[in-house]
Amino acid sequence: MIVPTRVAGLEALDEFLPLAGSAYARDRNHDLGVSRRTVSGLSPYLRHRLVTEREVVGAVLERHTLGAAEKFVQEVFWRTYWKGWLEQNPEVWRRYRRDVDRAVDAGVPAGYDEAVAGRTGIDAMDAWVRELVDTGYLHNHARMWFASIWIFTLGLPWHLGADFFLRHLLDGDAASNTLSWRWVAGLQTAGKTYLATASNISRFTDGRFSPEGLATTARALDEEPLPPRTPVEAAD
Ligand SMILES: Cc1cc2nc3c(=O)[nH]c(=O)nc-3n(C[C@H](O)[C@H](O)[C@H](O)COP(=O)(O)OP(=O)(O)OC[C@H]3O[C@@H](n4cnc5c(N)ncnc54)[C@H](O)[C@@H]3O)c2cc1C
């Protein structure tokens with residue numbers, strides 16, 4: 001359980017420090033379920049500013065060389081990169097919110113209610129829905145598989161999946177969430193999608209799941225061209 005205090009965040013950081021080097025680089029893609037020993041679990045603390053990226057990276061580099069901790073440091077910077085990208089492209093957020101509101105007004109598509117209730121019949125998806133709703137967390141790899149199955153196997157709109165995540169994740173973040181969903185859908189890196197496969201899921205869940213009937217192709221979604229980037233004003 002996440003205790004939402006700075007003290008708990010600093011304790012979680014301290015506990016993770018020994019694993020931030022080669023162990024993280026080796027094991028981070030493995031989703032071991034709620035035991036979660038392969039990753040830091042720091043995202044809710046970072047998201048709510050109970051600990052900062054500077055503190056996390058500083059403590060890690062006191063313990064490990066940059067070479068050993070490079071993978072972890074890179075992941076922390078993904079968050080920073082996404083924040084800056086969305087700040088310069090606010091139209092992406094406006095369109096996302098507009099599309100969620102429209103779907104709510106018009107009525108959600110067939111299959112949505114079953115998906116968010118954990119009743120798709122795809123065991124992995126249904127288990128991840130329960131884990132997300134019960135704990136407010138999913139491993140990064142599970143988030144990628146989930147988004148891919150949502151979009152390409154279930155054929156549901158990406159923005160409704162992103163909205164479901166944002167309402168349940170304790171680390172729910174406008175930039176990391178929206179842009180990661182867009183990346184899976186082939187919108188963020190135009191034309192490049194992420195296709196979840198049973199073999200990859202089985203390998204990285206240590207055989208806990210091996211879902212059948214997943215999409216075998218993932219055609220990128222497309223969108224109206226985005227307006228030019230908005231320069232961000234420097235803070236005083
Ligand atoms: C579809 C999808 C939705 C996501 N939604 C969110 C979200 O709402 N909020 C959020 O913070 N992250 C999101 N992520 C990124 C990532 O899954 C989480 O940051 C990570 O799982 C958090 O667990 P952790 O703290 O144990 O990560 P660790 O692996 O221990 O990483 C340390 C820190 O680096 C940052 N980080 C790690 N991986 C990423 C990444 N791929 N993108 C951005 N930052 C990263 C996080 O702040 C994290 O706490 C999403 C990824 C996907 C594929």
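Which residue has a backbone N or O atom that lies 2.8 Å from a nitrogen atom of the ligand? That residue is Asp-171. The model is predicted, so local features need pLDDT of at least 70 and side-chain atom pairs pLDDT 80 or more, while totals for chains, interfaces and linings use all residues. Residues are numbered from 1 along each chain as its sequence is written, and side-chain values use heavy atoms, without hydrogens and water.

- The side chain of Ser-40 places an N or O atom 2.5 Å from an oxygen atom of the ligand.
- In the side chain of Asn-177, an N or O atom is 3.3 Å from a nitrogen atom of the ligand.
- Of the ligand's own 810 Å² of accessible area (Shrake-Rupley method, 1.4 Å probe), the protein covers 96%.

**The surrounding shell**
- Around the ligand there are 27 residues (a heavy atom within 4 Å), and among those that come nearest are Tyr-24, Gly-41 and Asn-140.
- Two or more residues each come from α3 (43-47), α5 (66-88), α9 (140-153) and α11 (174-185); helices are DSSP runs of H or I, at least four residues long.
- The most is given by α5, with 6 residues.
- Both domain 1 (6-85) and domain 2 (90-204) supply at least three residues to the shell, with bounds from an automatic or database domain assignment.

Definitions and conventions: A polar contact is a pair of N or O atoms within 3.5 Å; within protein, one must be able to donate a hydrogen and the other to accept it, and residues adjacent in sequence count only if both atoms are side-chain atoms.
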